[in-house]
Amino acid sequence: MSAMATEPDHEIVVIGAGPGGIAAGALLKRAGIEEFTILERAGEVGGSWRDNTYPGISVDVPALVYQYSFARKADWPTAFPTGAEVKAYHQDVARRYGLYRHLRFHTEIVREVWDQTHRRWSLHTADNEIITARFVISAVGAFLRPRVDGIAGIGDFAGTVQRPDAWDHAYDMTGKRVAVVGTGASAVQITPAIAPEVGHLDVYQRTPVWCLPKPNYQVPRWLQTALRVPGVAAAQCGMILLGLEPVARLATIMPLTVAKPLMTAFDAFAKRAYRRYLRRTVDDPETAAALTPDYGPMAKRLTLSTGYPAVFNRDNVRLVTDDIERITEHGIRTSDGTEHQYDVIVLATGYEMYTEPESYAEGAVVGRDGFDLGQFYGANGLQAYEGVAVAGLPNRWMLVGPYSMADIGWHGLVETTASHAIRAIVEARRRQATSVEVSERAHAAHHAEICRRGQVLRHYVSTQNKGVRTYYRNSHGDTVYFRPAGALETRWRGRHFPFTDYHFDTEYQLPDRRVDALGLP
């Protein structure tokens, strides 16, 4: 076989240009690697922050920690940025690191197959093209596809359907009769944003949500100036993470016999405090009671909104707790047989998440010796070494994987996982290895550690769940969203994992080329 026959189209392919893909591209650049391509199915970078432009969208994590450590922004106008500001930030980082010349837009990867003969991946696009790559970094995000299952008759509705990820801003909702289906993170922002302009608004609630006030203050000029001083923002972020580290560490070592009464006491206190807050905020006692969750605050994602509970004090807003039987031509029929007529239905029903085994289709990712990621996850549950690598998938890493979230925001997470992937790639290049794969021993040992350290979290989510639909607990009953570890520990391990946990194949030689001994930032 000639040397030319072993050359793939690209040395490194990053799949996705959301926060993870941008982080991977920037860190590859910082490591001195220029031979990479980013494939993006849409026409711009940004991921969910590109797609979601619904009214009221903003971050529920403070800007100070919702950004890359290598691209800090000091002049956020408010503590919690708007969606448009985050979108602009991602585009600015991509431009700053020269990523646009590495980007290929409108390219959707639907299948990945490992070619053992040539030690490369064959990436099949939705347009039936095959792109080959030596190394693959999957930067597909957490929110995969909008979830609309379980809503019968949605195609029968003759009015306008609005979705958070495809909002039609040209449509004038002034004076319209509107239904918001869902009470998750999108709904609690959309509802108070559109309530003043619509004629009537019904919010359909299946499960009450914990919704705390968002302290979204204007960032003063003096603080913006201080944050521009080198090291100040980094020090503040470090202090926050350092303060959270003992809590995370305690949760992973605490025996269940000690944790159970503490969790029970915490939930009881939180529920009492939240009931009092709703009674003070919501005028109607019945509505306040209906908005009160009967599960603990950590069993489902907490939401932040400065106006959601209080919006039900408006004369044109009503909370509906009856089950939806089906969507009709003119509106929504509830379980009591009543048909409610609407001009607009807002489907704020959430997303299919990476935490579900069903999200990994069989045949979509096929590795060494026919290893099928979808089959493996279906049979064994979601797992990955350090949240990024799976034994049986050489030269491939995922930036948002099982048990990977240990940071405050997505940027810290993807920096850690991208650093892991790039560190392995740099070492493979140094050794001139054609493939690098985490060993089954290391993979199994890491997953055993995750299961052992996650007992408290798993018990809490399972006992508090009470039938609540949440991506914190998947169809297997596993709590794969959170990593049972602190952010500092996870960041350190992402940059210092032992190379002995990987197998580097140097028997099948790459074509001669200059290989620099590159270091990570």
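Tutor: Let's start with R326, which is partly exposed, with a relative accessible area of 26%. Keep in mind that this is a predicted model.

Student: OK, what does R326 form a salt bridge with?

Tutor: R326 forms one with D156, and their closest N and O atoms are 2.9 Å apart. The pair links distant parts of the chain: D156 is in the loop between β7 (143–146) and β8 (160–162), while R326 is in strand β14, 170 residues apart.

Student: And D156, buried, exposed or partly exposed?

Tutor: D156 counts as partly exposed, at 43% relative accessibility.

Student: You put R326 in β14. Which sheet is β14 in?

Tutor: An open sheet of three strands, in the order β14-β15-β16, with antiparallel pairing. β14 (324–327) and β16 (339–341) are the edge strands, because each pairs on one side only. On average, neighbouring strands of this sheet are turned by 25 degrees against each other, direction ignored.

Student: How many bridges join β14 to β15?

Tutor: Three, and β15 covers residues 331–334. I324 has T334 in β15 as its bridge partner.

Student: Back to charges. How many salt bridges are there in the whole structure?

Tutor: The search finds 29. One of them pairs E112 with R396, with the closest N and O atoms 2.7 Å apart. E112 lies in strand β4 (residues 109–115) and R396 in strand β20 (residues 396–398), so this pair ties together parts that are 284 residues apart in sequence.

Student: Is that pair buried or exposed?

Tutor: E112 is buried, with a relative accessible area of 7%. R396 is buried too, and its relative accessible area is 7%. The cut-off for buried is under 20%.

Student: What does β20 pair with?

Tutor: β20 pairs with β6 in the parallel sense, over three bridges. I137 has W397 in β20 as its bridge partner.

Student: What else stands opposite I137?

Tutor: V14 stands opposite I137 in β6. Strand β1 (residues 10–15) is joined to β6 by five bridges, and the two run parallel.

Student: Which strand pairs with β6 in the antiparallel sense?

Tutor: Strand β5 (residues 120–125) does, over four bridges. W121 has A133 in β6 as its bridge partner. β5 and β6 form a hairpin with four residues between them, and N128 in the turn has a positive phi of about 65 degrees.

Student: How many residues of β6 are buried?

Tutor: Eight of its nine residues, so strand β6 (residues 130–138) is mostly covered.

Student: Switching to helices. Where are E449 and R453?

Tutor: Both lie in helix α12 (residues 440–453), four residues apart, about one turn of the helix. E449 forms a salt bridge with R453, with the closest N and O atoms 3.2 Å apart. R453 counts as buried, at 12% relative accessibility.

Student: Which residues are linked with them in a network of salt bridges?

Tutor: The network links E386, E449, R453, R483, E489 and R493.

Student: Last topic, cysteines. How many disulfides turn up?

Tutor: Zero, from a search of the whole structure. A disulfide is a covalent bond between the sulfur atoms of two cysteines.

Student: Then where do C237 and C451 sit, buried or partly exposed?

Tutor: C237 counts as buried, at 9% relative accessibility. C451 counts as partly exposed, at 30%.

Terms used
Residues numbered from 1 in each chain as written. Predicted model: local features only at pLDDT ≥ 70, side-chain atom pairs only at ≥ 80, totals over all residues. Heavy atoms only, no water. Axes fitted to C-alpha atoms, helices over the stretch in contact; angles between N-to-C directions. Salt bridge = Lys/Arg side-chain N within 4 Å of Asp/Glu carboxyl O. Buried < 20%, exposed > 50% of the residue type's maximum accessible area, 1.4 Å probe, protein only. Disulfide = S-S within 2.5 Å.
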